[in-house]
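Good morning, colleagues. Please take a moment with the sequence and the structure before I go through the points I have selected.

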Amino acid sequence: MTDTSSVIREKRGQAFWITINRPDKRNAINTDVVAGIARGYREAHDDKEVRVIVLTGAGDKAFCAGADLQHSGAAFAMDYSRPNVDYADLLRLSQNATKPAIARVGGVCMAGGMGLLCMTDMAVAADHVIFGLPEVKVGVFPMQVLSLLQSIAPKRLVSEWSLTGEPFDAHTAKEAGLLNYVVPSAELDAKVDWLISRIVDKSPTAIRRGKYAMRAIASMSFDESIAYTESQIALLAMTEDAKEGLKAFGEKRKPSWPGK
């Protein structure tokens, strides 16, 4: 376990847990939080034993309430000589990741926290959780969050959430495509563990190359994506995992993935 003041990074079996550790601040985002999550993503990818990343927040009050507004000048301070922003770089890092990530949402998820939710591949939330994009209430807008949110939720809902700033519940979030599962709080960890178990027994090579391909074709036309993917399936079929998977299927046994 790696424990800092803002983020805990912990390997649990084949899962790498990244926990925002500011429960007294509703796990609000500051510079250390962004750096800690980014470091966790890199550590997870450097460890060949890690198959999945879990992103969550400490305590049961908040997953992440967005930017730390207690020091609002710092929250929105920009170095205009830099063409990029650390939070935006974190979202970029997540989208280029080749290991799947699950958001475990046990408490309120607002503003920049919605961006953290959207940067994962799957999400499980407790049924009492409230979501929202309240930026317009303080004179700003969920600019960077929109880069991911608009490809997940319906456009009119995104417009309503962004323009009104009003909160919505977990069931609305699930219906909009933000969540895979909504469960009672007492069942949250069990559901996350169940989802992890459904990933770690599958081919790491197929998942790695599959996530790479999903990212690549996201902005392609059909003709471009079908040409790209027909070459990708040919390459994938040449991997050791594919050969082992087909052999195990024929022998009616569980595969032993070489991860190559």
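Glu10 is buried, with a relative accessible area of 19%, which places this residue under the 20% limit for that class. The model is a predicted one. Within it, Glu10 pairs with Arg12 in a salt bridge whose closest N and O atoms are 3.3 Å apart. Arg12, by contrast, counts as partly exposed, at 40% relative accessibility.

The neighbouring position deserves attention as well. Lys11 forms a salt bridge with Asp47, and here the closest N and O atoms lie 2.8 Å apart. What does this pair tie together? Lys11 belongs to strand 2, residues 7-12, while Asp47 sits in the loop between helix 1 (31-46) and strand 4 (52-57), so the pair links parts that are 36 residues apart in sequence. Both partners count as partly exposed: Lys11 has a relative accessible area of 35%, and Asp47 is at 22%.

Lys11 also takes part in a salt bridge with Glu49, with the closest N and O atoms 2.6 Å apart. Glu49 lies in the loop between helix 1 and strand 4, and Lys11 in strand 2, so this pair ties together parts that are 38 residues apart in sequence.

How many salt bridges does a search of the whole structure find? The search returns 13. Among the residues involved, Arg9, Arg39 and Glu43 are linked in a network of salt bridges.

I turn now to helix packing. Two packed helices are described by the angle between their axes and the distance between the axes.

Consider helix 1 and helix 3, the latter spanning residues 86-95. They pack at an angle of about 20°, and their axes are 10 Å apart. Helix 1 and helix 3 are therefore roughly parallel to each other. The crossing of helix 1 and helix 3 is left-handed. On the helix 1 side, the contact is made by Val34, Ile37, Ala38, Tyr41 and Arg42; helix 3 contributes Asp86, Tyr87, Leu90, Leu93 and Ser94. By class, the residues of this contact between helix 1 and helix 3 divide into 7 nonpolar, 1 polar and 2 charged.

The second pair is helix 9, residues 204-217, with helix 10, residues 222-236. Their packing angle is about 165°, with the axes 11 Å apart. Are helix 9 and helix 10 roughly parallel or roughly antiparallel to each other? They are roughly antiparallel, because an angle over 145 degrees is assigned to that class. Helix 9 and helix 10 cross in a right-handed manner. From helix 9, the contact involves Thr205, Ala206, Arg209, Tyr212, Ala213, Ala216 and Ile217. From helix 10, the residues are Ser225, Tyr228, Thr229, Gln232, Leu235 and Leu236. The residues of the contact of helix 9 with helix 10 comprise 8 nonpolar, 4 polar and 1 charged.

Next, I would like to consider two loop residues. Arg26 is located in the loop between strand 3 and helix 1. The phi of Arg26 is near 55°, a positive value in a residue other than glycine. At 43% relative accessibility, Arg26 counts as partly exposed.

Asn27 lies in the loop between strand 3 (15-20) and helix 1. Asn27 likewise has a positive phi, of about 55°, although it is not a glycine. Is Asn27 buried or exposed? Asn27 is buried, with a relative accessible area of 0%. Leaving aside residues up to four places away in sequence, Asn27 touches Ile20, Asn21, Arg22, Gly57, Ala58, Ala62, Phe63, Cys64 and Ala65.

Finally, Val140 is found in the loop between strand 9 (130-132) and helix 5 (143-149). At 27% relative accessibility, Val140 counts as partly exposed. The C-alpha atoms of Val140 and Glu244 are separated by 52 Å, and these two residues are 104 residues apart along the chain.

To return to the opening theme, Lys11 forms a salt bridge with Asp47, and Glu49 forms one with Lys11. Thank you for your attention.

Methods
Residues are numbered from 1 along each chain as its sequence is written. This is a predicted model: local features need pLDDT of at least 70, side-chain atom pairs count only at pLDDT 80 or more; totals for chains, interfaces and linings use all residues. Side-chain values use heavy atoms; hydrogens and water are left out. A salt bridge is a side-chain nitrogen of Lys or Arg within 4 Å of a carboxyl oxygen of Asp or Glu. Buried means under 20% relative accessible area, exposed over 50%, partly exposed in between (1.4 Å probe, protein chains only). Helices (H or I, at least four residues) and strands (E, at least two) are DSSP runs, numbered from the N terminus. Axes are lines fitted to C-alpha atoms, for helices over the stretch in contact, and angles run from 0 to 180 degrees between N-to-C directions. Angles under 35 degrees count as roughly parallel, over 145 as roughly antiparallel, 65 to 115 as roughly perpendicular and the rest as oblique. A crossing is left-handed if the near helix is turned anticlockwise from the far one by less than a right angle, and right-handed if clockwise. Contact means heavy atoms within 4.5 Å. Ala, Val, Leu, Ile, Met, Phe, Trp, Tyr, Cys and Pro count as nonpolar, Asp, Glu, Lys and Arg as charged, and the others, Gly among them, as polar.
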